[in-house]
Amino acid sequence: MADMNAVSDFISRIDEKLDRLRNEKITIKMLEEILLLTPLERQRWTKDGRLPAAGNSYIDRGQKIRLWTYSPDVVARLWKNPEIIENWRKADLASGSASAGQSD
């Protein structure tokens with residue numbers, strides 16, 4: 001019985017850690033590195049809603065700077081399905097927004 005309790009406690013601790021990881025926010029830099037995005041792509045896709053932001057993070061560099069953060073679930077889904085990003089890139093090229101986004 002003691003072994004069952006130890007295993008149950010161990011599984012509970014793992015579940016808690018996994019829950020914390022699921023709730024972590026992905027930063028801009030992490031997102032771009034994981035999904036191999038350019039800053040312009042990230043900005044454009046966040047603004048038009050294709051890449052939903054999960055919230056904001058603030059840093060203080062003489063003034064408060066707001067940075068978008070992203071959900072690990074969204075990032076994982078895109079990482080597992082790279083064709084989604086490729087389709088976004090193709091759509092942007094077809095509409096001309098890939099070059100127009102230079103001013104984003």
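Select V7, F10, I11, I14 and L18: together these residues form a nonpolar surface patch with about 420 Å² of accessible area. Patch members have over 30% relative accessible area and no salt bridge, with nonpolar side chains (Val, Leu, Ile, Met, Phe, Trp, Tyr) joined within 5 Å and like charges within 9 Å. A salt bridge is a side-chain nitrogen of Lys or Arg within 4 Å of a carboxyl oxygen of Asp or Glu. Areas come from the Shrake-Rupley method with a 1.4 Å probe, and for residues only the protein chains shown count as cover.

The model is predicted, with pLDDT of at least 70 needed for local features and 80 or more for side-chain atom pairs, while totals for chains, interfaces and linings use all residues. Residues are numbered from 1 along each chain as its sequence is written, and side-chain values use heavy atoms, without hydrogens and water.

Stay on I14, in helix α1 (residues 2-23). I14 counts as partly exposed because its relative accessibility is 36% (buried is under 20%, exposed over 50%, partly exposed in between). Helices (H or I, at least four residues) and strands (E, at least two) are DSSP runs, numbered from the N terminus.

Next, show the open three-stranded sheet, ordered β1-β3-β2 with antiparallel pairing. β1 (26-27) and β2 (55-60) are the edges; each has a single partner strand, so one side of each lacks a neighbour in the sheet. Pairing requires at least two DSSP bridges; β2 and β3 (residues 64-70) have six. Pick S57 to find its bridge partner in β3, L67.

Finish at S71, in the loop between β3 and α4 (72-80). S71 counts as buried, at 19% relative accessibility. Beyond its neighbours within four places in sequence, S71 is in contact (heavy atoms within 4.5 Å) with I26 and A54.

Methods
Buried means under 20% relative accessible area, exposed over 50%, partly exposed in between (1.4 Å probe, protein chains only).
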